[in-house]
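I opened the model and kept notes as I went. The entries follow in the order I looked things up.

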Amino acid sequence: MAANTEEIKTTGRRTLTGSVVSDKMDKSATVEVVRTVKHPRYHKYMKRRKTYLVHDEENVCKTGDTVVIEESRPLSRRKRWVVIEHQSA
């Protein structure tokens, strides 16, 4: 039948991009994600911010760095995200 069929596997996990706000914890960091939403009546774009507690296994994140985080299983009471890509500031 089909000789070269490739299956693309997706994890189904969300990814977000944000900047590191705090790196004072061991193997953890606080990441702030900024998104823009349109006001329903005035049609003006507004910034909305949310902070996430993320797992940083190698302690490579420093304050001000841009990171890509991915959803994961619960690692602690508040940690449900993991750093998958790190870009120094």
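By the cut-offs I use, buried is under 20% relative accessible area, exposed is over 50%, and partly exposed is in between, with a 1.4 Å probe and protein chains only as cover. I note that this is a predicted model, where local features need pLDDT of at least 70, side-chain atom pairs count only at pLDDT 80 or more, and totals for chains, interfaces and linings use all residues. Residues are numbered from 1 along each chain as its sequence is written, and side-chain values use heavy atoms, with hydrogens and water left out.

I then placed asparagine 59 in the loop between β3 (45-55) and β4 (66-71). Strands here are DSSP runs of E, at least two residues, and helices are runs of H or I, at least four, both numbered from the N terminus.

What does asparagine 59 touch, beyond residues up to four places away in sequence? I found Met25, Asp26, Lys27 and Ser28. Contact means heavy atoms within 4.5 Å. For aspartate 26 I also took the C-alpha to C-alpha distance to asparagine 59: 7.1 Å in space, against 33 residues in sequence.

I checked the side chain of asparagine 59 and found one of its polar atoms 2.8 Å from the backbone nitrogen of lysine 27. A polar contact is a pair of N or O atoms within 3.5 Å; within protein, one must be able to donate a hydrogen and the other to accept it, and residues adjacent in sequence count only if both atoms are side-chain atoms.

Lysine 27 sits in the loop between β1 (15-22) and β2 (28-38). I get 33% relative accessibility for lysine 27, so it counts as partly exposed.

I flagged both because most residues other than glycine have a negative phi.

I found methionine 25 in the loop between β1 and β2. It is partly exposed, at 34% relative accessibility. Leaving out residues up to four places away in sequence, methionine 25 touches Thr30, Leu53 and Asn59. I also took its C-alpha separation from aspartate 56, which is 9.6 Å across 31 residues of chain.

Is valine 54 buried or exposed? Valine 54 has 0% relative accessibility, so it counts as buried. It belongs to strand β3. Not counting residues up to four places away in sequence, its contacts include Lys27, Ser28, Ala29 and Val31. Ile69, Lys79, Trp81 and Val83 are also among them. Arginine 41 is 13 residues from valine 54 in sequence, yet I read 35 Å from C-alpha to C-alpha.

Threonine 51 is in strand β3 as well. I see it in contact with Thr30, Val31 and Glu32, leaving aside neighbours within four places in sequence. Its C-alpha lies 18 Å from that of arginine 73, 22 residues apart along the chain.

I counted five strands and zero helices. The radius of gyration is 17 Å, well over the 12 Å that the globule rule gives for 89 residues, so the chain is more spread out than a compact globule. I take the radius over C-alpha atoms, and the rule is 2.2 Å times the number of residues to the power 0.38. The C-alpha trace spans about 55 × 45 × 30 Å along its principal axes. I find 26% of the 89 residues buried.
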